Amino acid sequence: MTAVALPRARVAGRLAESARRYLPPLIVFVGVIVAWELATSGPGRRVFPPPSAILNAAIDNTDMLRRATQATFFEAIGGLAIGTSAGLLVAFSSARWASARDILLPVAIASSAIPIIAIAPILNNWFGVLNPLSKMMMAALLVFFPMVVNVTRGLLEVKPASLELMRSYAAGEIDVLRKVRIPNMLPFFFTALKVGTTLSFIGALVGEYFGGTSDVLGRVVLQSMSSGRFSLAWAGILVGAIAAIAAYAAVSIVERVALPWHSSLHSD
Amino acid sequence: MEDEPGRSQALEEQQVAASTGVATTEAAASSAVKSRGWSRRVRRVSGFVVALLLGAVVWEAAKWLAGDPWRIQSIGYFHNPPFRILQLSDRHLPHLWDITAAFGQPFQRNAAYSLGSYLIDQALYTWGVALVGFVAGASIGIALASIFVHSGFLERGFVPYVVASQTVPIVAVAPLIVTGFGRGEQSIVIIATYLTFFPVTIAVLRGLRSPDPRAIELMRSYAASRWAVYRKVRLPASLPYLFTALKIAAAASIVGTIIGEGPGGGLRGLGRAILNFNQQYITGPERLWATIVVASGVGLLFFLAVRLAEIMVLRRRGTREEGA
Amino acid sequence: MSGRPPTDPAGAPHAAVRLAGVDMVFTTQDGARMAALEDINLSIAPGEFVSLIGPSGCGKSTLLRIVGDLIRPTAGTVEVNGKPAHRARLGREYGMVFQAPVLFDWRTVEANVRLPLELLGMNRRQREQRVHAMLDLVELGAFLRHYPHQLSGGMQQRVAIARALALEPALLLMDEPFGALDEMTRERLNAEVLRIWEQTRTTVLFVTHSIPEAVFLSSRVVVMSPRPGRLTKVIDIDLAQPRNEQTRESERYFELVTEVRESLRGRRGTATDDRLAAGEGSQQRLRAEGSIG
C-alpha cells in the first residue's frame with residue numbers, strides 16, 4: 001500500500017464506522033417523523049398532532065414556554081440540591097454506623113417499590129400548592145433514596161486490599177476516609193446525581209400535575225390539554241424533556257471533568 | 001476490573017428506573033451490605049420493621065412537641081405541645097390512630113361501605129390495570145430484545161432512543177395518553193405497558209448478550225441453529241436480568257397507573273381516590289393518608305410478588321443473589 | 001514428610017526479622033478451628049533476600065502478613081528491626097507489595113507513589129524529589145502523569161514497588177507480586193527487583209509460587225509444608241551475584257531448583273541439608289560437595 005492510499009483507506013474505514021453507528025438511528029428518527037406527519041385521519045389526530053403543528057405551537061408561545069420551563073427547572077434543580085445534600089448526610093452516617101445502615105438500607109430498598117409520587121398532594125398541602133417548595137420537596141424525596149444507597153455503597157465498597165495497604169501504612173480512619181473512601185465514592189455519587197436529574201424533573205412535573213401556579217410546565221400541559229390545544233401541550237412536554245436532558249448532560253460533563261480517570265474506563 | 005461491569009450495570013438499571021418515575025435503589029443496595037442468604041434477609045426485614053416503628057415513634061413524638069393540642073377523650077389525656085409547626089398540625093399530619101380509625105369509617109358521607117373496603121376495591125382495580133400493562137410491556141420488551149439481538153441494524157436504529165429515553169420523564173405524558181385514548185382502562189394500560197417495556201427491553205437485551213462468547217462458540221461447534229442457541233443459551237442467561245427489570249417495572253407500572261388515574265383523568269382506582277380525597281382534604285385528611293398507605297402497600301406487595309417469583313425461578317441456578 | 005524444623009540460633013544480633021514460636025490458628029464463623037501455621041522460627045539478617053515457597057494454602061501469605069502486623073499470630077513473637085512488629089508498622093518501617101498492584105485508580109502514577117509520603121506528612125518539595133527518585137529507580141520516570149489503567153500489569157507492579165520503597169524502608173515484604181504476569185515479564189521484573197535490591201540493600205521477604213523465581217532472586221529459600229504450614233527446609237542459594245541470564249542457565253541453578261522442588265515434594269535431601277539451620281546467615285554455604293547422597 002502506498003503512503004497515500006493508507007490514510008485514505010483509514011478515513012474511509014472511519015466513515016463507514018460512523019455511518020454504521022449513526023445512520024440507523026437517523027433513519028428511524030426521520031422515518032418516525034415523516035410517518036407521524038403523514039398519518040391522516042383517525043381519532044388520535046387531534047390529540048397527537050403532527051410534528052409541524054407542535055413546532056408551530058412552540059414558536060407561537062416561546063415566551064410563555066420559556067418562563068414555564070424556567071420555573072419548572074428551578075423546582076427540579078432545587079429539589080435535586082435538597083435531595084442530594086440530605087442524601088449525602090445520611091449516606092455518610094450510614095456508612096459510619098452499621099446500626100443506622102441496618103435500618104436505612106431496607107427502607108431505601110422498599111422506597112423503590114413504593115409509589116412515592118403518591119405523596120405529592122400531601123406535599124402540596126403542606127408547603128402550599130402555589131409554592132414552588134412543594135414541588136421541590138417532591139423532587140427531593142425522589143432524589144434522596146438513590147443518593148443514599150449509591151453513596152453508602154461507594155463509601156463501603158472499597159477493595160479490601162486497599163484497606164490492607166492503608167493499614168500497612170498505619171493510616172488512621174480519617175486518612176482512609178479522605179484518601180480512599182471518598183475518591184472511591186465519587187463515581188457512585190455521579191451515578192446517583194444523573195439518575196437524580198431525571199427523577200427531579202418527574203417529581204417537579206407530577207407535583208405540578210397535582211396542582212400549582214399556571215406558570216409552570218405541568219400546568220401548561222394540563223391547561224392546554226383541557227382547552228383542547230394539544231399541540232401546545234405536546235410542545236410543553238417536549239420542552240420539559242429537553243430541559244431534563246440538558247440537566248443530565250450538564251451533570252455528565254461535570255462528571256467527565258471531575259473523574260478523568262473514570263470516564264475513560266466507562267464504555268458509556 | 002471485576003467491579004466494572006457490575007457498576008455500570010447498576011447505573012443503567014437506576015437510570016432506566018428513574019425515567020419511569022421509580023427511585024430504584026435495589027440493585028445498588030444489594031451490594032452495599034454483603035452477608036449470607038437467610039441472615040441477611042432476616043436482618044433486612046427486621047431492619048425494615050424497626051424502621052417503621054421508629055418512623056411511627058418519630059411521627060407522634062414530633063406531634064407531641066410541635067403539633068396541635070392532644071385531646072384524647074377516651075383515656076382523658078390532654079397535652080399542649082410547647083411549639084407549633086404548621087406541617088405537624090392535625091390537618092397536615094393526622095395522628096396515626098386517626099388514620100387507622102379512618103379505615104373503618106364510611107369513605108364518604110352516607111356511603112354504604114367503609115374506607116377500608118373502598119380502598120381495597122380501588123387497589124385491586126389499580127393493581128389489575130397495572131398488571132395487564134406489566135405483562136404486556138414485559139412481553140413486548142422480551143420480544144423486542146430478542147429481535148434486536150439478532151438484527152444489528154434494528155438494534156442500532158432503535159436502541160439509542162430507548163437508551164436516551166431513560167433521561168426523559170416519560171411519565172409526564174400520561175395525561176395526554178388518557179385524553180387521547182379515552183378515560184377508561186385502555187389508556188392506563190397503555191401507560192403501564194409503555195413504562196414497563198423500556199426497562200425490560202434494555203435489561204433483556206443485555207441479558208441475551210451476556211453469555212460467555214465461548215459458550216456460543218461451543219454451540220456453533222455442534223452446528224446448533226440460531227434458534228437453538230437462543231433457547232438454550234441466551235434465554236436462560238437473560239433471566240436474572242429480566243427479573244431485575246421486572247422489579248423496576250412493577251413499581252413503574254404502579255406509578256404510571258396511579259398518575260394516569262389521577263391527574264391523567266382516569267375514572268377509577270387509587271389515583272382517582274387520591275385526587276378525590278385531596279379535594280376533600282378539609283373534611284378528612286386521614287383519608288388521603290390512608291389512600292397513600294394503601295398505594296404504598298400495593299407497590300410493595302407487587303414488588304415482593306415479583307421478588308418471590310425471582311427466587312423460585314432462579315433458585316436452582318446457583319446464581320449470585322441480589323436484593324433482599 | 002519430615003525434616004527437623006529450623007531453629008533459631010542464640011540471638012543473631014540486629015536481625016531484620018525474627019520469628020519465634022509463631023502459631024496461627026483461624027477460627028471460622030461456625031467455630032471450627034483451622035491451624036494455618038505451626039511453630040515458625042526464622043531469622044532474617046539485614047540485607048538478605050529470603051523467599052518463602054510452598055504449596056497453595058500453606059500459609060506463606062499469612063506468614064508475610066504476620067510479619068507486617070496485618071494479622072496477629074495466636075502464639076509466638078515477631079520482631080522487626082529489634083522491635084515488635086506492631087511498633088514497626090506504626091513506625092512505617094516496611095513497604096509491602098501485594099499480588100495485585102492495589103493502585104488507586106483515581107490517582108496518577110506520581111500521586112500513587114506519593115501516598116505513603118503524604119500519610120507521613122512529608123513536605124511537598126521532599127515528596128516530589130522522593131517520588132521522582134523512586135520512579136526513576138523502577139524506570140518509569142516517563143509515566144508520572146499516567147493513570148494506572150493506562151499501564152500494563154507489569155508496569156503497574158513496578159509502580160507498586162516504587163510506592164513500597166518510597167519510605168525507604170529497611171524491610172520489603174512482597175506477596176507473589178509477579179504471580180499475575182506472564183513468564184517473560186516475570187523474568188524481566190525479577191531482574192529489576194534484583195537490581196533494585198542491589199542498589200538499596202533492603203531486606204526482602206518474598207513469597208512466591210515459582211521455584212525458578214525463588215532460586216533466582218534469593219540468598220535463602222525457605223520451604224514450607226502444606227497446611228498447617230511449617231518450615232520444612234531452608235536452602236542456601238550460593239549462586240554468584242550479580243545474577244543474570246547466564247545464571248538461569250547454569251548447572252548450579254538447575255541443581256538448586258531441583259533441590260527446592262524435591263523439598264516441596266517431601267523427599268528428603270542430603271544429610272547435610274538437615275543440619276542447615278535458618279538462622280545461620282547468608283554466609284553459610286551449602287556443603288554439597290563431599291556429602292553423602
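## Contact between chains A and B

In this predicted model, 63 residues of chain A are in contact with 60 residues of chain B; two residues are in contact if their C-beta atoms, placed from the backbone, lie within 7 Å. Several helices of chain A each supply at least two residues of the side that touches chain B, among them helix H1 (5-38), helix H7 (132-156), helix H9 (173-209) and helix H11 (230-258). Helices (H or I, at least four residues) and strands (E, at least two) are DSSP runs, numbered from the N terminus.

By class, this side of chain A has 47 nonpolar, 10 polar and 6 charged residues. Ala, Val, Leu, Ile, Met, Phe, Trp, Tyr, Cys and Pro count as nonpolar, Asp, Glu, Lys and Arg as charged, and the others, Gly among them, as polar.

## Basis of the model

Residues are numbered from 1 along each chain as its sequence is written, while chains are lettered from A and ligands numbered from 1 in the order in which they are written. As the model is predicted, local features need pLDDT of at least 70 and side-chain atom pairs count only at pLDDT 80 or more, whereas totals for chains, interfaces and linings use all residues.

A residue is buried if 20 or more other C-beta atoms lie within 10 Å of its own, exposed if 12 or fewer, and partly exposed in between.

Leaving aside neighbours within four places in sequence, Val204(B) is in contact with residues including Gly141(B), Ala145(B), Tyr241(B) and Leu242(B).

## Chain B

Chain B comprises 12 helices and 2 strands. Of its 324 residues, 45% are buried.

## The sheet of chain C

In chain C, an open sheet of 4 strands has the order E2-E1-E4-E5, with antiparallel pairing. Strand E2 (33-44) and strand E5 (83-84) stand at the edges with a single partner strand each, so one side of each is left without a neighbour in the sheet. Strands pair if DSSP finds at least two bridges between them; strand E1 (residues 17-27) and E2(C) pair over 8 bridges. Met24(C) has Leu37(C) in E2(C) as its bridge partner.
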